[in-house]
Amino acid sequence: MRALFTSAMTVLSVLSLSAQAPAPVRKDTMHLTVQTSISSTEVAAGQKVTLSLAITPKRDMHVYAPGKHDYQVIAVKIDPQPWLKAAPTTYPPSEIYHFKELDEKVETYSKPFTLVQDVTILNMPEAKKALAAAPVTLTGRLEYQACDDKVCYAPTKVPVSFALTVK
């Protein structure tokens, strides 16, 4: 009986978690794979949610991290909304890539890494009015330029979106 109760509680916990945080969405480009996820799809005014973008560069590829260079840094861009405030993106530590032909050393990511973007649902009358027509969609994009040891490819934009239900 105890085992049955434990199993039932485990199933309920998994169902509860899946209602709050849906499975990551995977997108592939010729340069990388990105899996997007959100901490909760049910939001209320004043609440913060966290967007995570788990990125895996493809073989021999790298993208640019923030640093002392003029290359396009990989970035999460959230489309402006009257009901939303986006915090700066959190970047993990980078690695130094040495481009031998130019004897240049730059901050990059060539191994799997995660970008984190916190957004807050504003607790203002204008925001509450805009959110009254739930569900709403949070949209944006991942922007980057990828390179291998021979070629830098054209800048790329990968659209991202998250459906939110307002409590």
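The largest nonpolar core of this predicted model has 33 residues, a nonpolar core being a set of buried Ala, Val, Leu, Ile, Met, Phe, Trp, Tyr and Cys residues joined through side-chain atoms within 4.5 Å. Buried means under 20% relative accessible area, exposed over 50%, and partly exposed in between, with a 1.4 Å probe and protein chains only. The residues with the most contacts inside this core are Ile55, Ile74, Trp83, Leu138 and Leu142. At least two core residues come from each of strand E2 (32–38), strand E4 (48–57), strand E6 (75–78), strand E10 (113–121), helix H2 (125–131), strand E11 (136–144) and strand E13 (156–166). Helices (H or I, at least four residues) and strands (E, at least two) are DSSP runs, numbered from the N terminus.

Local features need pLDDT of at least 70 and side-chain atom pairs count only at pLDDT 80 or more, while totals for chains, interfaces and linings use all residues. Residues are numbered from 1 along each chain as its sequence is written, and side-chain values use heavy atoms, with hydrogens and water left out.

In the protein chain there are two helices and 13 strands. Buried residues account for 33% of its 167 residues. Of the contacts (heavy atoms within 4.5 Å) between residues at least 6 apart in sequence, 66% join residues at least 24 apart.

Leaving aside residues up to four places away in sequence, Ile74 touches Ile55, Val63, Tyr64, Tyr91, Tyr109, Phe113, Leu115, Leu142, Glu143 and Tyr144.

A pair of aromatic rings is described by the distance of the centres and the angle of the planes. Rings of Phe, Tyr and Trp (its six-membered ring) pair if their centres lie within 6.5 Å; planes under 30 degrees apart count as stacked, over 60 as edge-to-face and the rest as tilted. The whole structure contains two aromatic pairs. Tyr64 and Tyr71 are stacked, at 4.5 Å centre to centre and 10° between the planes. Tyr64 is buried because its relative accessible area is 4%, whereas Tyr71, at 27%, counts as partly exposed. The ring centres of Tyr109 and Phe113 are 4.1 Å apart and their planes lie at 15°, so this pair is stacked too. Tyr109 has a relative accessible area of 3% and is therefore buried; Phe113, at 7%, also counts as buried.

Next comes the sheet. Five strands form an open, antiparallel sheet in the order E1-E2-E4-E10-E7, where two strands pair if DSSP finds at least two bridges between them. Strand E1 (25–28) and strand E7 (84–86) are the edge strands, each pairing on one side only. From one strand to the next the twist averages 25°, with axes fitted as lines to C-alpha atoms, for helices over the stretch in contact, and angles running from 0 to 180 degrees between N-to-C directions. E4 and E10 are joined by eight bridges in the antiparallel sense, and Leu53 stands opposite Leu115 in E10.

The loop between E10 and H2 holds Met124, which is partly exposed because its relative accessibility is 33%. The C-alpha atoms of Met124 and Trp83 are 7.9 Å apart, although 41 residues separate the two along the chain.

Strand E13 contains Thr156, which is buried at a relative accessible area of 17%. Beyond residues up to four places away in sequence, Thr156 touches His31, Leu142, Glu143 and Tyr144. A polar atom of the Thr156 side chain lies 3.3 Å from the backbone oxygen of Ala154.

Conventions
A polar contact is a pair of N or O atoms within 3.5 Å; within protein, one must be able to donate a hydrogen and the other to accept it, and residues adjacent in sequence count only if both atoms are side-chain atoms.
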